[in-house]
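The sequence and structure come next.

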Amino acid sequence: MEKLKHVISARQFKDPEFLLWLFESAHQMERDDVFRALTDPLRGRILATLFFEPSTRTRFSFEAAMQKLGGGVLTAENARANSSATKGETISDTIRVVSGYADAIAIRHYEPGTAEAAARISPVPIINAGDGVGEHPTQALADMYTIKKELGRLSGLRVALVGDLLNGRTIHSLLPLLSLYPGVTIDLISPWQLRLPLAYREYLMEKGVAFHEGEKLEGVIEEADVAYITRVQSERFASKDEYDVVKDVYVINAEIADRLKPDAIIMHALPRVNEISPEVDANARAAYFRQAKNGLYIRMALLKYLLA
Ligand code: NCD
């Protein structure tokens with residue numbers, strides 16, 4: 001695979017060999033972190049995190065990753081309010097200026113396509129940290145790394161994607177990565193209002209990935225190796241009424257979690273609202289906090305790949 005300059009879409013990762021290499025690098029990062037053997041490969045380099053939408057995990061894990069690699073961080077955690085955007089500065093001017101101070105920019109924006117537009121003009125690597133209802137490729141890399149670590153394989157899996165498939169950008173980025181592996185079957189479970197957009201269903205068809213759509217957990221969740229639950233993305237609804245109709249449509253409680261196969265895993269990019277009850281956290285299948293931690297190591301591997 002040609003060396004990537006920017007990370008904008010999960011579709012850029014076309015080579016399972018590259019993913020394997022990245023996952024091994026992430027695993028090495030974890031070992032070096034645990035044994036305090038990190039060697040500051042990014043000393044003197046700076047990552048800017050330019051976030052126009054809220055974030056805890058993504059921004060903190062990017063910043064922690066950069067610092068653990070010996071680099072520094074410049075942050076605009078509420079760029080919508082605290083950057084010159086409030087004065088009317090365009091994104092492209094902001095990118096031009098920030099790229100003079102930083103060696104890479106992780107950007108989160110409410111408008112799909114913003115990261116791609118930034119990459120067109122930026123002299124330094126742009127990393128898409130979520131572009132509205134578009135994509136969230138580094139989350140999907142963390143998710144695949146989690147599945148590999150937890151289940152030991154990425155092929156032949158039955159994966160249930162549950163919840164807001166319309167607006168969930170983590171899902172939009174996960175699909176191209178799952179599509180790289182043979183024998184993957186995907187169950188798309190959502191209320192009809194939150195169905196996966198046609199373009200993504202067409203993508204799966206084009207790639208020859210077996211998938212089914214439905215509204216019910218029952219009869220599907222029992223077969224899954226991975227149950228990936230998503231938050232209904234309240235911030236994307238036109239009105240509170242529309243959100244209220246679907247907000248608690250799926251709630252994974254202890255009883256439902258126990259219906260999964262003993263070695264299945266439950267994933268969630270977090271934050272969760274009501275879709276997974278806290279009582280599930282004690283279930284060995286609950287992988288979501290481990291998944292969040294893995295985000296740190298995959299971002300370390302990715303930053304080193306882009307910048308070292
Ligand atoms: C996700 C996001 O921002 O898209 N969170 C994350 O990055 N871990 C998922 C969500 O907000 O529901």
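Arginine 236 is partly exposed, with 21% relative accessibility; the classes used are buried (under 20% relative accessible area), exposed (over 50%) and partly exposed in between, with a 1.4 Å probe and protein chains only. The model is predicted: local features need pLDDT of at least 70 and side-chain atom pairs count only at pLDDT 80 or more, while totals for chains, interfaces and linings use all residues. Residues are numbered from 1 along each chain as its sequence is written, and side-chain values use heavy atoms, with hydrogens and water left out.

Arginine 236 forms a salt bridge with glutamate 53, the closest N and O atoms being 2.7 Å apart. A salt bridge here is a side-chain nitrogen of Lys or Arg within 4 Å of a carboxyl oxygen of Asp or Glu. Glutamate 53 sits in the loop between β1 (46-51) and α2, and arginine 236 in the loop between β8 (226-229) and α9 (240-246), so the pair ties together parts 183 residues apart in sequence. Helices (H or I, at least four residues) and strands (E, at least two) are DSSP runs, numbered from the N terminus. Glutamate 53 is buried, at 9% relative accessible area. A network of salt bridges links Glu53, Arg169 and Arg236.

## Domains and their interface

The domain assignment, which is automatic or from a database, gives domain 1 (10-135 + 295-307) and domain 2 (137-292). Their C-alpha centres lie 24 Å apart. Contact, meaning heavy atoms within 4.5 Å, joins 31 residues of domain 1 to 26 residues of domain 2.

The area buried between domain 1 and domain 2 is about 2400 Å², and carbon and sulfur atoms give 61% of this. Buried area is the accessible area (1.4 Å probe) that two parts lose on being put together, summed over both. Arg11, Phe23 and Arg57 supply 25% of the area that domain 1 buries against domain 2, more than any other three residues. The rule finds three salt bridges across this interface.

## The domain 1 side

Elements that each supply at least two residues of the side of domain 1 touching domain 2 include α1 (16-34), α2 (57-68) and α11 (288-307). Helix α1 gives the most to that side, with eight residues.

## Further salt bridges

In total, the rule counts 22 salt bridges. One of them joins the side chains of lysine 149 and glutamate 30 (2.7 Å, N to O). Lysine 149 is in helix α6 (residues 137-151) and glutamate 30 in helix α1, 119 residues apart. Lysine 149 is partly exposed, at 38% relative accessibility.

Arginine 158 forms a salt bridge with aspartate 187, with 2.9 Å between the closest N and O atoms. Arginine 158 belongs to strand β5 (residues 158-162) and aspartate 187 to strand β6 (residues 185-189), so this pair ties together parts 29 residues apart in sequence. Arginine 158 is partly exposed, with a relative accessible area of 29%, whereas aspartate 187 is buried at 4%.

## Helix α7

Helix α7 (residues 169-178) is largely enclosed by the rest of the structure, because 10 of its 10 residues are buried. Among them are Arg169, His172 and Pro176.

Threonine 170 also lies in helix α7 and is buried, with a relative accessible area of 11%. Leaving aside neighbours within four places in sequence, threonine 170 is in contact with His136, Gln139, Ala140, Tyr228, Thr230 and Ala269.
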